[in-house]
Amino acid sequence: MEKMFQVGIITSTHGVHGEVKVFPTTDDVRRFKRLKEVILDTGKEQITLEVEGTKFFKQFVILKFKGIDNINDVERYRQKSLYVTRENAVRLKKDEYFIADLMGLRVHNEDGSEIGVLREVIETGANDVYVIDLDDGRELLLPAIKECVLNVDVEAGFIQIHIMPGLLD
């Protein structure tokens with residue numbers, strides 16, 4: 001399981017006082033209001049930064065980090081990713097999972113036989129769609145609804161599904 005989750009990417013600086021413009025990669029942008037710290041991955045190291053201020057501007061989040069008060073101090077962090085630890089991630093409700101935890105899980109048919117691997121999760125307006133690479137080389141697009149997803153066991157590393165008629169045609 002993933003230990004850290006990406007919440008955003010620094011796109012540019014904002015103003016001259018060390019603020020950064022962040023493109024959020026989380027589905028809950030409001031979570032930034034509650035963030036106390038983030039982990040900046042520079043590519044060479046991971047730096048824990050304390051969040052001092054949060055604002056919203058169009059589709060971006062403007063963050064101010066404690067101790068960084070100059071545009072020159074944050075300029076080098078353009079296009080770098082921001083992460084949170086699993087402990088600081090949003091709390092999930094029953095039957096909710098982090099997409100990062102689902103990727104690569106083995107997929108079992110309802111009879112228990114292995115049929116493939118979850119490759120991707122497509123987020124749509126109504127429900128997510130699981131992209132499953134089947135062992136026979138085909139691809140299955142499975143709606144992530146209760147009728148199709150019978151059981152998810154991240155710890156054991158599998159998803160049990162029911163394939164509705166017509167999905168493999």
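## Burial around the Phe pair

Here, buried means under 20% relative accessible area, exposed means over 50%, and partly exposed is in between (1.4 Å probe, protein chains only). Phe 23, at 39% relative accessibility, therefore counts as partly exposed, while Phe 60, at 17%, counts as buried.

This is a predicted model, so local features need pLDDT of at least 70 and side-chain atom pairs count only at pLDDT 80 or more, while totals for chains, interfaces and linings use all residues. Residues are numbered from 1 along each chain as its sequence is written, and side-chain values use heavy atoms, with hydrogens and water left out.

## Aromatic contacts

Rings of Phe, Tyr and Trp (its six-membered ring) pair if their centres lie within 6.5 Å; planes under 30 degrees apart are stacked, over 60 edge-to-face, and the rest tilted. The structure holds 2 aromatic pairs. In one of them, Phe 23 and Phe 60 have ring centres 6.3 Å apart and planes at 70°, so the pair is edge-to-face. Phe 23 sits in strand E2 (residues 19–24) and Phe 60 in strand E5 (residues 60–65), so the pair ties together parts 37 residues apart in sequence. Strands (E, at least two residues) are DSSP runs, numbered from the N terminus.

Lys 21 lies over the face of Phe 60, at 5.3 Å from the ring centre. The criterion is NZ of Lys within 6 Å of the ring centre and within 35 degrees of the ring normal.

## The open sheet

Elsewhere, 6 strands form an open sheet in the order E10-E9-E8-E7-E12-E11, with mixed pairing; two strands pair if DSSP finds at least two bridges between them. Strands E10 (139–143) and E11 (149–153) stand at the edges with a single partner strand each, so one side of each has no neighbour in the sheet.

Strands E7 (residues 106–109) and E8 (residues 114–122) run antiparallel and are joined by 3 bridges. His 108 stands opposite Glu 114 in E8.

Methods
Helices (H or I, at least four residues) and strands (E, at least two) are DSSP runs, numbered from the N terminus.
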